[in-house]
Amino acid sequence: MIYLDNSATTEPDPQVLETFVKASRRYFANPASLHRLGNEAEDLLESARSQIKDLLGYEQIVFTAGGTEANNLAIRGAAYANREKGRHIISCKTEHPSVLEPLKQLAREGFEITLLSVDRTGAIDLEELRQALREETILVSLMQVNNEIGTIHPLSEIRSVLGRHRALLHVDAVQGAGKLPIGVQERPDLLTVSAHKLHGLKNSGLLAIGKAQLEPILRGGGQENGLRSGTVSVPNAAALAKALRLARPMPHHLEWNAELRTFFAGYKDIHIVSPADAAPHILALAIKGVRGETLVGALQQEGVIVSTSSACSSKNKQASHVIEAIGLPREYRDGTIRISFGAMTTYEDISELKKRFHKAHQLIKGVETT
Ligand SMILES: *Cc1c(COP(=O)(O)O)cnc(C)c1O
C-alpha cells in the first residue's frame, strides 16, 4: 500500500512512539502531585514545553487534546476575553471546520463574523481584509496552509494589513507546522499545532500564545495556567516535542509535486485544483464528470491510498465548502481528490503512483464508456 493521505493523518514516527512509551512507563505520575514521582513527571513536562517554546518562538504553550481543541480555545477563548473591546471577528470561508463551527456558535451568541471570500486559487483579497477590519475587530483567524488544496495564506502581508490594529491574529498552522517556517516578524499571537499531522499522536496538540488574553474553555483543576484544566498528558507532551524536533522542511516535495503536475497535465479530463504556489505536500486535482469516491476507490484497488478533498467532508456526501468557495467549474465539483505527502513518502511512491494512477484512470474511463 502506498499511503498518500498525510493531510488526513500521518503514521507516527517510531522515535515518537518510543518517547511516548518510555514516558508512559517512567513518568506516569500526575505532574501536579507534590511527591517525587510527580516532580519528575513535571520536570519532563516542563522540559518538553521549553523545547517547544524555543522551536516555535513563543512565551507560552498550552497542551491540548489536538488541533480542534486548540482552535476552539484560541477563538472562543479570545472572543470571551476581549468582548468588552469589541465583538467582531474576521476569518475566511475556506477555514477548517474546527474554526468555522466555533465561529458559528459565537455568531449565535451575538458576535459578528466576517468570512472573507477567496478566488479560484483559494487566495484571500488583502484589500477585502483591510476593508473588513474595524475598530471593534478583536480577532482575525486565518490558516497557514489549507488542508484541502494547499493554498498558503500570505502571513507577512496579513500582518502588515493588521499593522498596529489591536485585533489578535490566530493562525491554524496544523498543515504547515514543521514544514513551512513562520518568520519572527509575522509570528501570530495564537498558533495551533496538531501532533498527528506531523508524525505524532492523535488527540495531542498545542496552542502557542504570544501577547493575548484568553478565557479558558475547559474549566476545572486549573492546569496549564488555568487555560486548560485536566491532568496534562506528560507522555503526549514529550512525544509532541519529539515530533516537532524531528520535523523539517522537505525540499524534495517541491520536485515531486512539480513532476506530478506535469504528469497530470497530460490528461485532458484532469483539472489541477491546487494553485502552483500551494504547499508542496498537498496536490488536489479533479477529473471531469467522475466522482471523487470513484477515483479514490479505483486507486485503492491499485494499492494507493488518497482521499477526497478532506477527511471531514468525505464521509458526508456534500461537496466540500472549500471546493464551493473556490468556485470550481461544475463538471469538476464532485471529482476532487487530494494527494498528500509526508516525511515517510519516498520517490518510489511517487513513481508508482504515476503508473497505478494511469491504470486506475483507464479502468474508470473503460467502465464509463461501456
Ligand atoms: C486536522 C486539522 C485540524 C484538526 O486537528 P485535530 O488534531 O485532528 O483535531 C485543524 N485544522 C486543520 C487545518 C487540520 O488539517
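Helices here are DSSP runs of H or I at least four residues long, and strands are runs of E at least two residues long, numbered from the N terminus. The model shown in every view is predicted.

**View 1. Helix H3 gives the largest share of the ligand shell.** Helix H3 spans residues 67–81 and supplies three residues to the shell around the ligand. In total, 14 residues surround the ligand. The closest are Thr68, Asp172, Gln175, Ser194 and Lys197. By class, ten shell residues are polar, two are charged and two are nonpolar.

View 2. In the side chain of Thr68, an N or O atom sits 2.6 Å from a ligand oxygen. Asp172 places a polar side-chain atom 2.6 Å from a nitrogen atom of the ligand. For Gln175, an N or O atom of the side chain is 2.7 Å from an oxygen of the ligand. The ligand taken alone exposes 380 Å², and the protein buries 89% of that.

**View 3. Strand S6 is largely enclosed by the rest of the structure.** S6 covers residues 168–172. Why is it called largely enclosed? Because five of its five residues are buried; buried means under 20% relative accessible area. The cover reaches both faces. Leu168, His170 and Asp172 are buried on one side, and Leu169 and Val171 are buried on the other. Asp172 is also among the residues closest to the ligand.

**View 4. S6 pairs with strands S5 and S7.** Strand S5 (residues 137–141) runs parallel to S6, with three bridges between them. Ser141 has His170 of S6 as its bridge partner. Strand S7 (residues 190–194) also pairs with S6 in the parallel sense, over three bridges. Here His170 has Leu190 of S7 as its bridge partner.

**View 5. Four strands form an open antiparallel sheet.** Strands of a sheet pair through backbone hydrogen bonds, either parallel or antiparallel. The order in this sheet is S9-S10-S13-S12. Which strands lie at the edges? They are S9 (270–272) and S12 (307–308), each of which pairs on one side only. S12 is joined to S13 (residues 336–340) by two bridges, and the two run antiparallel. Ser307 stands opposite Arg338 of S13.

Definitions and conventions. Residues are numbered from 1 along each chain as its sequence is written. This is a predicted model: local features need pLDDT of at least 70, side-chain atom pairs count only at pLDDT 80 or more; totals for chains, interfaces and linings use all residues. Side-chain values use heavy atoms; hydrogens and water are left out. Buried means under 20% relative accessible area, exposed over 50%, partly exposed in between (1.4 Å probe, protein chains only). Two strands pair if DSSP finds at least two bridges between them. A residue is near a molecule or strand if one of its heavy atoms lies within 4 Å of it. A polar contact is a pair of N or O atoms within 3.5 Å; within protein, one must be able to donate a hydrogen and the other to accept it, and residues adjacent in sequence count only if both atoms are side-chain atoms. Accessible areas come from the Shrake-Rupley method with a 1.4 Å probe; for residues, only the protein chains shown count as cover. Ala, Val, Leu, Ile, Met, Phe, Trp, Tyr, Cys and Pro count as nonpolar, Asp, Glu, Lys and Arg as charged, and the others, Gly among them, as polar.
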